Protein chains: 2
Amino acid sequence: MTTPVPLREPTFLILTALAREPMHGYGIVTEVAALSDGRLTLRPGTLYGALDRLTDEGLVEPDREEIVGGRLRRYYRLTDTGTAVLAAETERLRRNVEAASQRLRARTARASDGSAARPAPAVRPAVRLAGGPA
Amino acid sequence: MTTPVPLREPTFLILTALAREPMHGYGIVTEVAALSDGRLTLRPGTLYGALDRLTDEGLVEPDREEIVGGRLRRYYRLTDTGTAVLAAETERLRRNVEAASQRLRARTARASDGSAARPAPAVRPAVRLAGGPA
DNA sequence: CCGTTATAGCTCGGTAGCCGATATACTTCG
DNA sequence: CGAAGTATATCGGCTACCGAGCTATAACGG
């Protein structure tokens, strides 16, 4: 069954969205956009591909189907396994964040005192990233 | 130049390893193993592929070469851009961790009081993950 | 009345990072 | 002398993700 362990960001956020309550596909898209401050918009290919995969792996499962305003809503729910995996992944990420933060802090400190042998960046948090602003 | 934004875990840890001080390939492997508590062992294909890619993208750059005990050591150094990207990625992960933690906590709380309409998992943190224990 | 937007579902091909295996070479140890 | 450890690098395959496109209904605007 090989639950794929380093969850990629989209997958991680899908599970996170479902942790609160069962949701349908389109709802997940808007929820993920919200909890990532609009930084990540799930593509249909990513969403439904991930949903199928996660269902196969037993991390999520179909919850129910509703018809609201003539449109079908297919709800998914986080399983116990899914909850456990999400918790484990969150811990892993927390450790990574901590390790990186510590090293970055040390780097900044080094840049502050006179010991900077190198240009020593001011560590500006504003970078232009891929798929950035228009 | 499209700096690839959601850094995968191996890439993230390579940058983290280099944040402290310039290191050579093999040193990065051991360092990453250390700061991930042995959970992740970088494969050569991953390491050198990533190093080439990150060099092209300007996140790391060659630092110096040494010959220690007849063996070549090629050192890499984190650039200013690399530092900024690592910082930005760390922030992104921190937010994701926070969002997931919050939802997981809410879920546990719901399971504790009597309001559990669903089986309500005990949220066991022990999962068998891919490439799990021997 | 018709076109556009929003909601809601799904499919398919291409891209690219990671894994696993493999190769080379030098040093040290048994 | 061979095995293990250090240190570099390449190549093929897997697969998650992206991007684009498709269908359908409801609601709004011209």
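This is a short chat about a three-stranded sheet in chain B of a predicted model.

User: Before we start, how do the numbering and the confidence limits work here?
Analyst: Residues are numbered from 1 along each chain as its sequence is written, while chains are lettered from A and ligands numbered from 1 in the order in which they are written. The model is predicted, so local features need pLDDT of at least 70 and side-chain atom pairs count only at pLDDT 80 or more, but totals for chains, interfaces and linings use all residues.

User: OK, what's the strand order in the chain B sheet?
Analyst: E1-E3-E2, open and antiparallel. Strands here are DSSP runs (E, at least two residues), numbered from the N terminus, and two of them pair if DSSP finds at least two bridges between them.

User: Why do E1 and E2 of chain B each have a side without a neighbour?
Analyst: E1 (23-24) and E2 (60-68) are at the edges with a single partner strand each, so one side of each has no neighbour in the sheet.

User: How many bridges join E2(B) to E3(B)?
Analyst: Eight, running antiparallel. In that pairing, B:Val60 sits opposite B:Leu78.

User: And the turn, what's the phi of B:Gly69?
Analyst: Positive, about 65 degrees; the E2(B)–E3(B) hairpin has two residues between its strands.

Methods:
Helix = DSSP H or I, 4+ residues; strand = E, 2+ residues; numbered from the N terminus.
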